Amino acid sequence: QVHLVESGGGLVQAGGSLRLSCAASGRTFSMYTMGWFRQAPGKEREFVAAISWNGHATAYADSTKGRFTISRDNAKNTVYLQMNTLKPEDTGVYYCGADSAGYYTGTYYYAHEYEYWGQGTQVSVSS
C-alpha cells in the first residue's frame, strides 16, 4: 500500500518555474516506477514524466521534454517535478502515481496502469 500526497502547485506567470513534490508513505516506495500526469478541465489525464525505481531512467512527454525534470529521493520517499519555462498550456491538476510494473515494460505511459494516485495539486500558468 502506498499513500501519495502532492504539493507545490500554484499560480505562476508564463516563463516561470514551479517545483512539485510527491511524498509517499510505505516502506515499498523504492520498488515503484513513479509518474507525473496532468489533467486540464474537460480533458483526459495525460502523461507528463516517469522515473524508474532507482532514478536511473526517465521519460518525458514531447510537450515537456527539455523544460521539466523528474527526480526522486528514495531515502525521503519523495518524487519531484521541476517545471521551468512554464506555458499557459501547462495549466491543470498534476497527479503523481505509483506503478508496480518495471520501468522497462513501458506501462508508465498509461494512467490506467498505475495502482496508486495522489489527490493532485493545481498548477495555473497565466499568459
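A residue counts as buried when its relative accessible area is under 20%, and as exposed when that area is over 50%. Keep this in mind as you work through the exercises on this predicted model.

**Exercise 1.** Is threonine 64 buried or exposed? Find out where threonine 64 lies and what it touches.

*Solution.*
1. Look in the loop between strand 6 (58–60) and strand 7: threonine 64 is there.
2. The relative accessibility of threonine 64 is 0%, so this residue counts as buried.
3. Leaving aside neighbours within four places in sequence, the contacts of threonine 64 are Arg38 and Val48.
4. Now check the polar atoms: one in the side chain of threonine 64 lies 3.1 Å from the backbone oxygen of valine 48.

**Exercise 2.** Work out whether valine 2 is buried or exposed, and which residues it touches.

*Solution.*
1. Start in the segment before strand 1 (3–7), where valine 2 lies.
2. Valine 2 has a relative accessible area of 5%, and buried means under 20%, so valine 2 is buried.
3. Not counting residues up to four places away in sequence, valine 2 touches Ala24, Ser25, Thr28, Tyr32 and Tyr116.

**Exercise 3.** In what order do the four strands of the open sheet stand, and which are the edge strands?

*Solution.*
1. The order is 1-3-8-7, with antiparallel pairing.
2. Strand 1 and strand 7 (68–73) each pair on one side only, so they are the edge strands.
3. From one strand to the next, the twist averages 15 degrees.
4. Zoom in on strand 1 and strand 3 (residues 18–25): five bridges join them. Glutamate 6 has cysteine 22, in strand 3, as its bridge partner.

Note on methods:
Residues are numbered from 1 along each chain as its sequence is written. This is a predicted model: local features need pLDDT of at least 70, side-chain atom pairs count only at pLDDT 80 or more; totals for chains, interfaces and linings use all residues. Side-chain values use heavy atoms; hydrogens and water are left out. Helices (H or I, at least four residues) and strands (E, at least two) are DSSP runs, numbered from the N terminus. Buried means under 20% relative accessible area, exposed over 50%, partly exposed in between (1.4 Å probe, protein chains only). Contact means heavy atoms within 4.5 Å. Two strands pair if DSSP finds at least two bridges between them. Axes are lines fitted to C-alpha atoms, for helices over the stretch in contact, and angles run from 0 to 180 degrees between N-to-C directions. A polar contact is a pair of N or O atoms within 3.5 Å; within protein, one must be able to donate a hydrogen and the other to accept it, and residues adjacent in sequence count only if both atoms are side-chain atoms.
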